[in-house]
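Visitor: Could you walk me through this structure, please? I would like to begin with the backbone and then move on to the pockets.

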Amino acid sequence: MYIPKSFAVTDTATIYPFIRDHNFATLVTHQQGQLSATSIPFMLDAERGVLRAHLARANAQWKHFEGGESLVIFQGPHAYVSPTWYAEQPSVPTWNYTAVHVYGVPTVIEDETVVRAMLRELVANHEHGRDPEWLMDLPDDYYRKMRQAIVVFELKINRIEAKFKLSQNRSEADMESVIIHLAGSASPLDQETAKMMDERRRS
């Protein structure tokens, strides 16, 4: 990923929460010169430096896990930025966005204890705070049937590229104007981008 210095993010204290908050990501693999991509939820094990997820067994992408490096793309808030919002002219349109690319080698997990714990963690992460919360207390025969339909894997993180392009290369007046316009938009994505811009400039 092309990352100008002003947009680069390197601290895991920022990157890891971003991954957790935007964990529905795209897994990209390659085999014999052909690319494949699947969008799935990931869980981050920060202590071990791994991502965990699962694919449908019918999805042949898991068969690409043969020791080659794969890419997981996490996408955060993004928004179009109009040059009419800038005090500095002439200017051109651009796009503000946040993204984290994680590279690593995926490995299929067969240990049933590890698999069940990972699935419970994934469910708990997304059920937390709901009323009622769904618990993964499934009949054994039903669980086995569902379990046979998926392939669980871990991706050991080799490297991370993170880019938060949020008008850091503009003047303070231009950045403030972009925040105001995006915050006043009817688009939730625009509003989220404005919020992240404001948080980043205050940090």
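This is a predicted model: local features need pLDDT of at least 70, side-chain atom pairs count only at pLDDT 80 or more; totals for chains, interfaces and linings use all residues.

Visitor: Which residues does a cis peptide bond join, with omega about 0°?
Guide: Such a bond joins Gln 89 and Pro 90. Pro 90 sits in the loop that runs between strand 5 (70–81) and strand 6 (94–108).

Visitor: And what about the peptide bond from Asp 131 to Pro 132, cis or trans?
Guide: That bond is cis as well, with omega near 0°. Pro 132 belongs to the loop between helix 2 (112–127) and helix 3 (140–147).

Visitor: Is Gln 32 buried or exposed, and why?
Guide: Gln 32 counts as exposed because its relative accessibility is 82%, and the cut-off for that class is over 50%.

Visitor: What is phi at Ser 167?
Guide: Phi of Ser 167 is about 70°, a positive value although the residue is not a glycine. Ser 167 is located in the loop between strand 7 (150–165) and helix 4 (172–183).

Visitor: Buried or exposed, that Ser 167?
Guide: Ser 167 is buried, since its relative accessible area is 3% and the class requires a value under 20%.

Visitor: How many residues of each class are in the lining of the largest pocket?
Guide: Six of the lining residues are nonpolar, three are polar and five are charged.

Visitor: What volume does the second largest pocket have?
Guide: The second largest pocket has a volume of about 200 Å³. Among the residues lining this pocket are His 54, Trp 134, Tyr 143 and Arg 147.

Visitor: Which helices each supply at least two residues there?
Guide: For the second largest pocket, helix 2 and helix 3 each supply at least two lining residues.

Visitor: And how does the lining of the second largest pocket divide by class?
Guide: That lining has 10 nonpolar residues, one polar residue and one charged residue.

Technical notes
Residues are numbered from 1 along each chain as its sequence is written. Side-chain values use heavy atoms; hydrogens and water are left out. Helices (H or I, at least four residues) and strands (E, at least two) are DSSP runs, numbered from the N terminus. Buried means under 20% relative accessible area, exposed over 50%, partly exposed in between (1.4 Å probe, protein chains only). Ala, Val, Leu, Ile, Met, Phe, Trp, Tyr, Cys and Pro count as nonpolar, Asp, Glu, Lys and Arg as charged, and the others, Gly among them, as polar. On a 1 Å grid over the protein atoms alone, a cavity is a set of points where a 1.4 Å probe fits but cannot get out, and a pocket is an open set with protein on both sides within 12 Å along at least five of seven lines; lining residues have an atom within 4 Å of a point. Grid points are joined across faces, edges and corners, and a volume is the space filled by probe spheres set on the points.
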